[in-house]
Amino acid sequence: MTATDDKTVVREYFNATGFDRWQRIYGDGEVNKVQLDIRKGHQQTVDTLMGWLEADGNLAGLSCCDAGCGVGSLTIPLAQAGAQVYASDISAKMVEEARQRAEVALEGKNLPTFEVKDLEELAGRYHTVICLDVLIHYPQDKVQGMISHLGSLAESRLIMSFAPKTLFYSALKKVGEFFPGPSKTTRAYLHREADIVKALEAEGWRIERRTLTKTQFYFSRMLEAVKDQ
Ligand SMILES: C[S@@+](CC[C@H](N)C(=O)[O-])C[C@H]1O[C@@H](n2cnc3c(N)ncnc32)[C@H](O)[C@@H]1O
(Lines give C-alpha, C1' and ligand atoms only; values in the text may rest on other atoms or scores of the structure.)
Protein backbone atom coordinates (compact mmCIF):
# COMPACT_ATOMS: atom_id res chain seq x y z
CA MET A 1 0.00 0.00 0.00
CA THR A 2 1.38 3.44 -0.89
CA ALA A 3 1.56 6.29 1.61
CA THR A 4 -1.28 8.06 -0.21
CA ASP A 5 -3.45 4.95 0.04
CA ASP A 6 -2.57 4.69 3.71
CA LYS A 7 -3.72 8.26 4.27
CA THR A 8 -6.92 7.78 2.32
CA VAL A 9 -7.72 4.72 4.41
CA VAL A 10 -6.93 6.58 7.63
CA ARG A 11 -9.00 9.61 6.61
CA GLU A 12 -11.98 7.48 5.62
CA TYR A 13 -11.69 5.39 8.77
CA PHE A 14 -11.63 8.41 11.10
CA ASN A 15 -14.57 9.94 9.23
CA ALA A 16 -16.68 6.78 9.68
CA THR A 17 -16.42 3.77 12.01
CA GLY A 18 -13.14 5.00 13.48
CA PHE A 19 -14.76 8.28 14.42
CA ASP A 20 -17.62 6.55 16.23
CA ARG A 21 -15.24 4.25 18.07
CA TRP A 22 -12.57 6.79 19.03
CA GLN A 23 -14.87 9.63 19.99
CA ARG A 24 -16.40 7.18 22.49
CA ILE A 25 -13.01 6.02 23.75
CA TYR A 26 -11.91 9.65 24.09
CA GLY A 27 -15.16 10.56 25.87
CA ASP A 28 -16.78 9.87 29.21
CA GLY A 29 -19.72 7.64 28.23
CA GLU A 30 -19.99 3.90 28.69
CA VAL A 31 -17.48 1.75 26.80
CA ASN A 32 -16.29 -1.84 26.98
CA LYS A 33 -13.41 -2.95 29.23
CA VAL A 34 -10.72 -2.78 26.57
CA GLN A 35 -11.85 0.67 25.46
CA LEU A 36 -11.96 1.86 29.06
CA ASP A 37 -8.39 0.69 29.57
CA ILE A 38 -7.28 2.55 26.42
CA ARG A 39 -9.18 5.66 27.55
CA LYS A 40 -7.37 5.59 30.90
CA GLY A 41 -3.97 4.98 29.30
CA HIS A 42 -4.41 7.79 26.81
CA GLN A 43 -5.58 10.14 29.56
CA GLN A 44 -2.37 9.32 31.45
CA THR A 45 -0.33 10.38 28.42
CA VAL A 46 -2.25 13.67 28.25
CA ASP A 47 -1.92 14.24 32.01
CA THR A 48 1.81 13.52 31.99
CA LEU A 49 2.33 15.95 29.14
CA MET A 50 0.24 18.67 30.80
CA GLY A 51 2.31 18.08 33.95
CA TRP A 52 5.55 18.65 32.00
CA LEU A 53 4.25 21.79 30.33
CA GLU A 54 2.73 23.26 33.48
CA ALA A 55 5.94 22.60 35.42
CA ASP A 56 7.76 24.84 32.92
CA GLY A 57 5.51 27.69 34.03
CA ASN A 58 5.21 29.42 30.64
CA LEU A 59 2.09 27.90 29.10
CA ALA A 60 0.01 31.08 29.17
CA GLY A 61 0.25 32.61 25.72
CA LEU A 62 2.58 29.92 24.40
CA SER A 63 1.89 29.05 20.75
CA CYS A 64 1.23 25.34 20.37
CA CYS A 65 0.33 23.22 17.38
CA ASP A 66 -1.62 20.03 18.14
CA ALA A 67 -1.04 18.02 14.96
CA GLY A 68 -3.56 15.19 14.56
CA CYS A 69 -5.70 16.58 17.37
CA GLY A 70 -8.44 13.95 17.27
CA VAL A 71 -11.40 15.10 19.38
CA GLY A 72 -9.29 17.66 21.22
CA SER A 73 -8.22 15.63 24.27
CA LEU A 74 -5.00 17.64 24.50
CA THR A 75 -6.11 20.77 22.64
CA ILE A 76 -8.70 21.60 25.30
CA PRO A 77 -6.50 21.38 28.44
CA LEU A 78 -3.80 23.31 26.59
CA ALA A 79 -6.25 26.12 25.82
CA GLN A 80 -7.62 25.96 29.38
CA ALA A 81 -4.06 26.54 30.61
CA GLY A 82 -3.88 29.67 28.45
CA ALA A 83 -1.88 28.40 25.47
CA GLN A 84 -2.65 29.74 22.00
CA VAL A 85 -3.55 26.51 20.26
CA TYR A 86 -3.72 25.65 16.58
CA ALA A 87 -5.25 22.19 16.20
CA SER A 88 -5.72 20.14 13.06
CA ASP A 89 -6.60 16.64 11.96
CA ILE A 90 -6.93 14.81 8.67
CA SER A 91 -10.50 13.83 9.62
CA ALA A 92 -13.23 16.48 9.30
CA LYS A 93 -15.42 14.55 11.74
CA MET A 94 -12.71 14.52 14.40
CA VAL A 95 -12.11 18.26 13.95
CA GLU A 96 -15.82 19.06 14.17
CA GLU A 97 -16.11 17.02 17.36
CA ALA A 98 -13.03 18.74 18.79
CA ARG A 99 -14.45 22.16 17.94
CA GLN A 100 -17.77 21.35 19.64
CA ARG A 101 -16.08 19.94 22.75
CA ALA A 102 -13.81 22.98 22.95
CA GLU A 103 -16.73 25.40 22.69
CA VAL A 104 -18.46 23.67 25.62
CA ALA A 105 -15.37 23.16 27.78
CA LEU A 106 -13.88 26.61 27.21
CA GLU A 107 -17.21 28.49 27.28
CA GLY A 108 -16.06 30.57 24.34
CA LYS A 109 -12.81 31.70 26.00
CA ASN A 110 -9.40 31.26 24.34
CA LEU A 111 -10.86 29.04 21.64
CA PRO A 112 -8.25 27.16 19.58
CA THR A 113 -8.04 27.58 15.82
CA PHE A 114 -9.17 24.37 14.15
CA GLU A 115 -8.44 23.14 10.66
CA VAL A 116 -8.93 19.96 8.67
CA LYS A 117 -5.48 19.16 7.30
CA ASP A 118 -3.01 16.40 6.69
CA LEU A 119 -0.21 17.23 9.10
CA GLU A 120 2.28 17.20 6.26
CA GLU A 121 0.44 20.16 4.73
CA LEU A 122 0.64 22.26 7.88
CA ALA A 123 2.44 25.59 7.69
CA GLY A 124 3.32 28.31 10.21
CA ARG A 125 5.62 28.55 13.22
CA TYR A 126 4.81 27.53 16.78
CA HIS A 127 6.86 27.51 19.95
CA THR A 128 5.83 23.89 20.54
CA VAL A 129 4.54 21.28 18.12
CA ILE A 130 2.85 18.21 19.59
CA CYS A 131 1.80 15.06 17.82
CA LEU A 132 0.27 12.44 20.12
CA ASP A 133 -0.47 8.87 19.07
CA VAL A 134 -0.50 9.63 15.33
CA LEU A 135 2.71 7.82 14.33
CA ILE A 136 0.79 4.56 14.48
CA HIS A 137 -0.51 5.59 11.04
CA TYR A 138 3.00 6.10 9.63
CA PRO A 139 5.25 3.34 8.28
CA GLN A 140 8.90 3.63 9.27
CA ASP A 141 9.99 4.88 5.84
CA LYS A 142 7.68 7.90 6.18
CA VAL A 143 8.74 8.84 9.70
CA GLN A 144 11.81 10.92 8.85
CA GLY A 145 9.83 13.09 6.41
CA MET A 146 7.02 13.54 8.90
CA ILE A 147 9.40 14.49 11.74
CA SER A 148 11.31 16.79 9.44
CA HIS A 149 8.13 18.59 8.43
CA LEU A 150 6.72 18.93 11.96
CA GLY A 151 10.15 20.05 13.15
CA SER A 152 10.19 22.81 10.53
CA LEU A 153 7.08 24.27 12.20
CA ALA A 154 8.57 24.17 15.72
CA GLU A 155 10.70 26.97 17.10
CA SER A 156 11.80 25.29 20.33
CA ARG A 157 10.12 22.00 21.01
CA LEU A 158 8.66 18.93 19.33
CA ILE A 159 6.74 16.39 21.39
CA MET A 160 5.67 13.07 19.93
CA SER A 161 4.20 9.84 21.22
CA PHE A 162 4.06 6.46 19.54
CA ALA A 163 3.44 2.79 20.24
CA PRO A 164 6.87 1.29 20.95
CA LYS A 165 7.96 -1.63 18.85
CA THR A 166 9.53 -3.55 21.71
CA LEU A 167 6.01 -4.67 22.57
CA PHE A 168 5.30 -5.32 18.94
CA TYR A 169 3.54 -8.65 18.98
CA SER A 170 1.32 -8.16 21.98
CA ALA A 171 0.56 -4.55 21.17
CA LEU A 172 -0.08 -5.17 17.50
CA LYS A 173 -2.59 -7.84 18.30
CA LYS A 174 -4.39 -5.54 20.68
CA VAL A 175 -4.18 -2.40 18.57
CA GLY A 176 -5.15 -4.40 15.48
CA GLU A 177 -8.68 -4.99 16.59
CA PHE A 178 -9.38 -1.26 16.38
CA PHE A 179 -8.67 -1.09 12.68
CA PRO A 180 -10.98 -2.26 9.92
CA GLY A 181 -10.57 -4.70 7.06
CA PRO A 182 -8.70 -7.95 6.45
CA SER A 183 -5.27 -6.30 6.58
CA LYS A 184 -6.11 -4.31 9.70
CA THR A 185 -3.08 -5.39 11.68
CA THR A 186 -0.66 -4.24 8.97
CA ARG A 187 -1.97 -0.67 9.25
CA ALA A 188 -0.93 -0.19 12.85
CA TYR A 189 2.71 0.82 12.64
CA LEU A 190 4.78 0.50 15.77
CA HIS A 191 8.17 2.16 16.06
CA ARG A 192 11.48 1.47 17.74
CA GLU A 193 12.34 4.26 20.11
CA ALA A 194 15.90 4.26 18.75
CA ASP A 195 14.56 4.95 15.23
CA ILE A 196 12.45 7.88 16.37
CA VAL A 197 15.32 9.33 18.42
CA LYS A 198 17.64 8.97 15.43
CA ALA A 199 15.12 10.74 13.18
CA LEU A 200 14.81 13.58 15.70
CA GLU A 201 18.56 13.90 16.22
CA ALA A 202 19.10 13.97 12.45
CA GLU A 203 17.04 17.17 12.44
CA GLY A 204 19.06 18.73 15.26
CA TRP A 205 16.73 17.88 18.14
CA ARG A 206 17.88 16.72 21.56
CA ILE A 207 15.71 14.56 23.84
CA GLU A 208 14.90 16.41 27.05
CA ARG A 209 12.17 14.29 28.70
CA ARG A 210 10.69 10.87 28.00
CA THR A 211 8.04 8.67 29.51
CA LEU A 212 6.26 5.40 28.87
CA THR A 213 2.58 4.98 29.54
CA LYS A 214 1.56 1.38 29.80
CA THR A 215 -1.78 -0.12 30.71
CA GLN A 216 -3.12 -3.49 29.69
CA PHE A 217 -4.08 -2.47 26.15
CA TYR A 218 -2.41 0.90 25.68
CA PHE A 219 1.30 1.53 25.20
CA SER A 220 2.75 4.89 24.36
CA ARG A 221 6.28 6.22 24.50
CA MET A 222 6.39 10.03 24.62
CA LEU A 223 9.49 12.05 23.82
CA GLU A 224 10.05 15.76 24.28
CA ALA A 225 12.71 17.04 21.90
CA VAL A 226 14.17 20.52 22.21
CA LYS A 227 16.45 22.80 20.25
CA ASP A 228 18.78 25.19 22.01
CA GLN A 229 18.36 28.70 20.65
C1 LIG B 1 -5.25 7.77 17.86
S2 LIG B 1 -5.87 9.34 17.38
C3 LIG B 1 -4.99 10.48 18.46
C4 LIG B 1 -5.69 11.83 18.53
C5 LIG B 1 -5.01 12.88 19.43
N6 LIG B 1 -3.67 13.20 19.00
C7 LIG B 1 -5.02 12.44 20.86
O8 LIG B 1 -3.98 11.97 21.35
O9 LIG B 1 -6.07 12.56 21.51
C10 LIG B 1 -5.03 9.59 15.85
C11 LIG B 1 -5.52 10.81 15.09
O12 LIG B 1 -4.56 11.10 14.07
C13 LIG B 1 -5.25 11.57 12.94
N14 LIG B 1 -4.35 11.43 11.79
C15 LIG B 1 -3.85 10.29 11.26
N16 LIG B 1 -3.03 10.57 10.22
C17 LIG B 1 -3.01 11.92 10.10
C18 LIG B 1 -2.35 12.82 9.22
N19 LIG B 1 -1.55 12.39 8.23
N20 LIG B 1 -2.55 14.15 9.39
C21 LIG B 1 -3.35 14.60 10.37
N22 LIG B 1 -4.01 13.80 11.23
C23 LIG B 1 -3.84 12.48 11.11
C24 LIG B 1 -6.50 10.72 12.91
O25 LIG B 1 -7.52 11.28 12.13
C26 LIG B 1 -6.86 10.65 14.39
O27 LIG B 1 -7.72 11.69 14.77
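First, the ground rules. The model is predicted; local features need pLDDT of at least 70, side-chain atom pairs count only at pLDDT 80 or more, and totals for chains, interfaces and linings use all residues. Residues are numbered from 1 along each chain as its sequence is written.

Overall make-up. The protein has eight helices and seven strands. Helices (H or I, at least four residues) and strands (E, at least two) are DSSP runs, numbered from the N terminus. Of its 229 residues, 39% count as buried. Buried is 20 or more other C-beta atoms within 10 Å of a residue's own, exposed is 12 or fewer, and partly exposed is in between, with C-beta atoms placed from the backbone. Now contacts, meaning C-beta atoms, placed from the backbone, within 7 Å. Take contacts between residues at least 6 apart in sequence: 70% of them join residues at least 24 apart.

Next, strand E5. It spans residues 154-162, and seven of its nine residues are buried. Which strands pair with E5? Pairing here requires at least two DSSP bridges between the strands. E4, residues 126-131, pairs with E5 in the parallel sense, over five bridges. In that pairing, Thr128 stands opposite Arg157 of E5. E7, residues 219-226, pairs with E5 in the antiparallel sense, over six bridges. There, Ser161 stands opposite Met222 of E7.

E5 also belongs to a β-α-β unit. E4, helix H6 (residues 140-153) and E5 form it, and the unit is right-handed. Right-handed means that, with the strands pointing away from the viewer, the path from the first strand over the helix to the second runs clockwise.

On to helix H8, residues 193-202. Ile196, Ala199 and Leu200 are its buried residues to look at. They sit on the same side of H8, because they cover an arc of only 100 degrees around the axis. The arc is taken over directions from the helix axis to the C-beta atoms. What covers the buried residues? The cover includes H6, E5, strand E6 (206-214) and E7. The face turned away from the buried side carries exposed residues: Ala194, Glu201 and Ala202. After H8 comes Gly204, with a positive phi near 90 degrees.

Helix H2, residues 17-25, can be read the same way. Gly18, Trp22 and Ile25 are buried. Down the axis of H2, the buried residues fall within an arc of 55 degrees, so they line one face.

Now the ligand. Its shell holds 19 residues, and Phe14, Gly68, Gly70, Ile90 and Leu132 come nearest. A residue is near if its C-beta atom, placed from the backbone, lies within 6 Å. Helix H1, residues 3-14, gives the largest share, three residues. By type, the shell divides into 10 nonpolar, five polar and four charged. Nonpolar covers Ala, Val, Leu, Ile, Met, Phe, Trp, Tyr, Cys and Pro; charged covers Asp, Glu, Lys and Arg; the others, Gly among them, are polar.

Last, a loop with two backbone features. Glu107 lies between helix H5 (92-106) and strand E3 (113-116). It is not a glycine, yet its phi is positive, about 50 degrees. Is Glu107 buried or exposed? It counts as exposed, because it has 9 C-beta neighbours inside 10 Å. Asn110 is in the loop between H5 and E3. Its phi is also positive, about 50 degrees, and it is not a glycine. Asn110 is partly exposed, with 17 other C-beta atoms within 10 Å.

Technical notes
Contact = placed C-beta atoms within 7 Å.
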